[in-house]
Amino acid sequence: MRALRSLLAATLATGLAAIPLSSAPRAQEAPTPVPQHWSFDGLFGTYDLEAAQRGFKVYSQVCANCHAMHLLHYRDLEGIGLRDDEIKAVAAGFTVPQGLNDDGTPKEGPGTPANQFRSPFPNDLASRSANGGALPPDLSLIVNAREGHADYVYGILTGFADAPAGFTLQSGMNYNKMFPGHQIAMPQPLHDDQVTYDDGTPASLVARKRIGVRMILFLVVMTGLTYAAKRKVWSDVH
Ligand code: HEC
């Protein structure tokens, strides 16, 4: 129940924070995300599990260097179609906190399905100091927490561009068409052929477009995992 309450509080807080973005004076600064087509849209929408698994790969190899997803445990990967032995192997590939040694120092070891996703930093302070003062938000609920949902995250990932003439970027910031105020501390995270997919799906972008299929796929996993997390929270309640 506590988990649910803090979840609601977090969603509410970010929801409230987002309200000014949609009000008239800042409308120029926070563009409305362009609606994309998602397999999970609508009443009969479904999750494409293979796509979601590719997305998880992108998360683990790229985003997880900066962003935590602390609401998820490796066993939640069942939600994107991984078998028990695959989940064990994925978890074992991460070194995660395992309580304390006899002398009180933190102990680490290979993950198990029961462990939370490994966080890249031990706390927010360490996270900020590694990211030029900006905090990479936890991505467990990002799709639900932002107005525009998956379209917003898609808009951020595809929104990196050169700043227009006359636009002053603060040092360490990057221009982004979708981010409110257009300055984001995140460097463009995705580039062609950065990730090798196990099933041979090319990780390159559609010709001349910066819209990568894998980005769409990636978002599917975010939403899929978010959904798994939600289900877990609800099952904790009952
Ligand atoms: C090098 C570190 C780094 C990597 C890698 C990275 N991010 Fe970020 N990200 C950040 C930081 C820092 C911010 C906060 C930006 C700010 O507040 O200006 C951020 C912000 C974001 C936001 C905006 C959240 C909001 O507040 O609305 C999204 C969405 C996001 N990241 C998604 C991703 C995804 C998806 C990936 C992987 C494909 C990724 N990031 C990879 C550092 C990173």
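**Group meeting talk: a walk through one predicted model**

Is Pro 187 buried or exposed? Pro 187 counts as exposed, because it has 12 C-beta neighbours inside 10 Å, and a residue with 12 or fewer is put in that class. Gly 172 is 15 residues away from Pro 187 along the chain, and their C-alpha atoms are 8.8 Å apart.

Now step back into strand E4, where we find Gln 183. Gln 183 has 16 C-beta neighbours inside 10 Å, so it counts as partly exposed. Which residues does Gln 183 contact, leaving aside its neighbours within four places in sequence? They are Leu 169, Gln 170, Met 173 and Tyr 175. Thr 168 is 15 residues from Gln 183 along the chain, with 9.3 Å between the two C-alpha atoms.

His 182 is in the loop between strand E3, residues 174-175, and E4. It is buried, because 21 other C-beta atoms lie within 10 Å of its own, and the cut-off for buried is 20 or more. His 182 also has a positive phi, near 65°, in a residue other than glycine.

His 149 is another non-glycine residue with a positive phi, here about 50°. His 149 is found in helix H6. With 19 other C-beta atoms within 10 Å, His 149 is partly exposed.

Next, the rest of that helix. H6 is mostly covered, with seven of its nine residues buried. Those seven are Ala 150, Tyr 152, Val 153, Tyr 154, Gly 155, Ile 156 and Leu 157.

What does H6 give to the largest nonpolar core? First, the core itself: it has 30 residues, and the members that touch the most others are Met 69, Ile 142, Val 153 and Ile 156. Two or more residues come from each of helix H2 (49-61), helix H5 (142-145) and H6. H6 gives the most, six residues. Where does this core lie? Domain 1, residues 2-72 and 118-237, and domain 2, residues 75-116, both give residues to the core, so it lies between them.

A word on H2. This helix has 13 residues and spans 18 Å from its first C-alpha to its last, close to the 18 Å expected at 1.5 Å a residue. Its buried residues are Ala 51, Ala 52, Gln 53, Arg 54, Gly 55, Phe 56, Lys 57, Val 58 and Tyr 59.

Now the ligand. How many residues surround the ligand? There are 21, and the closest are Cys 63, Cys 66, Pro 136, Ala 185 and Met 186. By class, the shell holds 17 nonpolar, three polar and one charged residues. H6, residues 149-157, comes up again here: it supplies the largest share of the shell, three residues.

Last, the whole chain. The protein chain has seven helices and four strands. Read from the N terminus, the order is α-α-α-β-β-α-α-α-β-β-α. The chain has 238 residues, of which 28% count as buried. Among contacts with a separation of 6 or more, 62% are between residues 24 or more positions apart.

Technical notes: Residues are numbered from 1 along each chain as its sequence is written. This is a predicted model: local features need pLDDT of at least 70, side-chain atom pairs count only at pLDDT 80 or more; totals for chains, interfaces and linings use all residues. A residue is near a molecule or strand if its C-beta atom, placed from the backbone, lies within 6 Å of it. Ala, Val, Leu, Ile, Met, Phe, Trp, Tyr, Cys and Pro count as nonpolar, Asp, Glu, Lys and Arg as charged, and the others, Gly among them, as polar. A nonpolar core is a set of buried Ala, Val, Leu, Ile, Met, Phe, Trp, Tyr and Cys residues joined through C-beta atoms within 7 Å. Domain bounds come from an automatic or database domain assignment. Two residues are in contact if their C-beta atoms, placed from the backbone, lie within 7 Å. The expected span of a helix is 1.5 Å times one less than its number of residues.
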